[in-house]
Each structure stands twice: as structure tokens, then as C-alpha cells.
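Me: I have a structure open and would like to learn how to read it. Please take one feature at a time.

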Amino acid sequence: MRDGTVATAADLLDWYDRNARVMPWRVGPHDRRDGVRPDPYRVWLSEVMLQQTTVAAVRDYFHRFIARWPTVLDLAAAEDADVMGEWAGLGYYARARNLLKCARVVADQHGGTFPDAREGLLQLPGIGPYTASAIASIAFDRPETVVDGNVERVMARLHDVHTPLPRAKPELTALAAALTPQARPGDYAQAVMDLGATICTPRSPACGICPWRDPCLARTNGTAADLPRKEPKKPKPTRHGIAYIARRNDGAFLLERRPDKGLLGGMLGWPGSDWTDTPDPAPPMQADWRALPAQALHTFTHFHLRLTVMVADVGHANPQTGQFLPPATFRPSDLPTVMRKAFDLARAEFDTPPD
DNA sequence: GACACGTGGTG
DNA sequence: TCACCAAGTGT
């Protein structure tokens with residue numbers, strides 16, 4: 001018998017059994033009951049992709065990675081450029097660099113098998129407190145507590161915590177840990193995150209159909225929509241830059257590999273200036289550069305960028321930086337989004353013959 | 001603890 | 001429109 005005024009894992013699991021979302025990396029509660037366990041490689045890959053990223057954005061990337069690299073050993077043997085290109089557009093590119101590092105550590109030091117507990121997982125590149133707990137619970141059914149943005153929100157509301165994040169994190173973690181069950185921890189971890197993603201949403205939470213509506217203090221107090229509180233964010237400055245897109249007469253484009261550290265690290269991009277208040281021009285070669293009438297506008301995590309795009313048709317020449325990639329080698333989809341925006345503007349220009 | 005680090009969807 | 005938001009990690 002249950003007391004409706006106390007939130008229990010059992011009530012949430014009952015809801016999850018009826019409402020679990022179908023996702024390509026997930027083993028649903030019914031198959032799990034039949035002893036089916038998810039592939040740790042797929043759990044790891046999906047969890048890394050899902051860091052700060054929506055399910056909708058991840059789905060196609062996940063399928064492409066699994067089709068191209070079905071096992072962690074396949075991924076460990078991949079070329080860096082291929083993995084970075086396949087990740088292009090998903091953002092937070094350090095994840096892709098660490099993904100490869102992690103796959104190679106698992107292949108070289110763990111015999112191709114992921115550690116099956118939180119502490120071992122935490123040692124791996126790109127696996128932090130959240131992801132270690134997620135893999136340990138979902139893939140290995142260990143009773144670890146997952147605390148992501150969903151769980152923070154659910155706990156803040158359930159217990160009506162008004163302390164702003166990130167200061168409230170330890171308290172919310174403790175509250176989440178107190179609810180984590182010994183039975184079905186993998187399903188529970190997914191259930192509490194599903195609840196946050198579908199019912200206990202950031203705006204307009206659907207409290208009326210929530211399995212924890214009765215014990216929820218924020219619902220009682222009418223504060224659900226205002227929680228969790230967060231410290232105010234800094235305003236984003238606007239920076240400016242210049243990108244140079246050179247097309248050779250054989251159709252090859254001049255591109256460069258960005259350094260591993262820093263913004264868009266390890267990704268392909270157009271040569272260009274720094275992105276600053278007032279950038280210095282830095283053309284990669286002498287040519288008849290012409291500026292496009294429109295700029296590429298893009299917003300990163302901490303600044304807005306207005307990118308002036310210069311284009312030129314060039315003959316065979318040695319550029320000061322980067323290398324010409326012929327059409328058979330260059331996929332525009334290998335570019336991070338800001339570089340693809342610049343390319344889209346340039347394509348319209350190249351397709352319009354001069355007067 | 002603070003900051004760097006992408007992108008697309010949303011109200 | 002634009003600020004906010006998303007299954008965070010590394011330094």
C-alpha cells in the first residue's frame with residue numbers, strides 16, 4: 001500500500017512501464033524484464049551525444065555512428081577526421097575528441113569492454129559524474145544516482161527548493177540519491193529523466209498528469225513553474241571575423257584543420273582572421289578577394305559572431321595555410337555549422353557568374 | 001567556483 | 001525577436 005503524500009520510486013516506475021519513450025539506444029522496460037540488457041557501447045555513445053543536446057538532435061547522428069562504427073573497436077580504429085566530420089553540426093566538439101580517446105582507451109587498456117561500475121567509468125575521457133552514473137545504472141543496473149538538468153528540476157520542484165543553481169546542486173543530488181531504488185535502477189534512471197523531459201518540463205509543466213503530483217511540494221505551493229531558480233547569466237558580446245573561401249579551378253576548396261584546443265577544436269574550417277572586436281584581415285593567399293554582401297550570423301555559447309565572407313576563384317597555387325580539398329574529398333556536412341553557413345553564402349556567389 | 005565550449009528548438 | 005533551454009565535462 002502506498003501513501004500518496006510521499007514520492008516513491010515505485011510510483012515513478014509504474015508510470016515508466018506505461019509511458020517509456022522508444023529510443024534507438026534504449027531497451028524498454030518490458031524487454032528488460034525478459035533479461036535483455038542494452039549494449040554498453042550504445043549507452044555510452046548515446047549518453048555522450050545527449051550531453052547538453054536534445055533527443056531530436058541526437059537521433060540521426062546516433063544511427064549514422066552505429067552504422068559506420070558498430071562496435072567500440074571499430075570506433076577506436078577510425079580516422080580522427082572521419083569521426084570529427086561525422087560529429088559536425090552536433091556541437092561541443094571536445095565530446096568527439098574525447099569520444100575517440102575513450103574508445104581507444106577501452107580498446108587498448110580494457111580489452112574492448114567498458115568498465116561495469118561508476119568509479120572505473122569516471123576514469124575515462126569525456127565521462128563525468130553524470131555519464132558515469134548513467135552508464136553504470138542503465139547498462140549495468142547498478143544503483144547509481146543520475147543527476148542531470150532534468151533530475152535537478154524534478155527534485156527542486158518535488159521538494160520546493162528555492163536555492164538557485166549551481167549552489168543547490170549538492171542538496172538536489174542528496175534528494176535524488178534518497179529516492180534511487182535498489183531494484184530496477186536502470187529503468188528508474190531513465191524514468192526520472194523521461195519525467196523531466198515530458199511532464200516536469202522547464203516551462204508549463206503538466207502537473208495534472210504527473211505520477212508525483214500528490215507529493216510535489218512545488219505543485220502544492222504553486223511554485224513549480226518558477227523552479228529551479230538559477231543565477232543570472234552574463235550577456236553575450238558580439239565579435240567579428242573574416243572567413244576566406246578560395247575555390248580552385250578544379251573545384252577544390254581551401255580548408256584548414258583547426259587546432260585541438262579551443263573553439264571548434266579539431267574541426268575543418270575556412271582560413272580567416274581571429275574573432276575579436278576588430279579583426280585583422282588574414283587572407284591565406286594572394287587573390288582577387290571579393291566580399292559577399294551578406295554576413296554569416298551565428299551564436300555560440302558565450303558570444304555572437306558576425307562573419308564577413310570573402311571569396312575568390314584561384315589558379316593552382318601554394319597557400320600559406322590549409323590545403324585544397326577536391327570535391328571527392330570534401331563534404332560540406334563535415335563542417336561545423338558556422339562554417340557551413342559561410343559556405344552556403346559563398347555557394348550562392350559562386351553559382352552567380354560575374355557580370 | 002568560474003569559465004569555455006555548439007547548436008537547434010521554443011514561447 | 002531573442003533569451004532561454006537541453007540526458008555536462010574539462011580546466
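Me: Why are α6 and α7 oblique to each other?

Reply: Angles under 35 degrees count as roughly parallel, over 145 as roughly antiparallel, 65 to 115 as roughly perpendicular and the rest as oblique. The axes (lines fitted to C-alpha atoms over the stretch in contact, with angles from 0 to 180 degrees between N-to-C directions) of α6 (residues 80-87) and α7 (residues 94-109) cross at roughly 135° and come within 9 Å; α6 and α7 are therefore oblique. Helices are DSSP runs of H or I, at least four residues, numbered from the N terminus. This is a predicted model, where local features need pLDDT of at least 70, side-chain atom pairs need 80 or more, and totals for chains, interfaces and linings use all residues. Residues are numbered from 1 along each chain, chains are lettered from A in the order written, and side-chain values use heavy atoms, without hydrogens and water.

Me: Which residues of α6 and α7 make the contact?

Reply: Contact means heavy atoms within 4.5 Å. From α6 come Asp80, Val83, Met84 and Trp87, and from α7 Arg95, Ala96, Arg97, Leu99, Leu100 and Arg104.

Me: Which residues come nearest to DNA strand C?

Reply: Near means that a residue has a heavy atom within 4 Å. Of the 24 residues around DNA strand C, the nearest are Met23, Gln52, Gly126, Asp148 and Asn150.

Methods
Helices (H or I, at least four residues) and strands (E, at least two) are DSSP runs, numbered from the N terminus.
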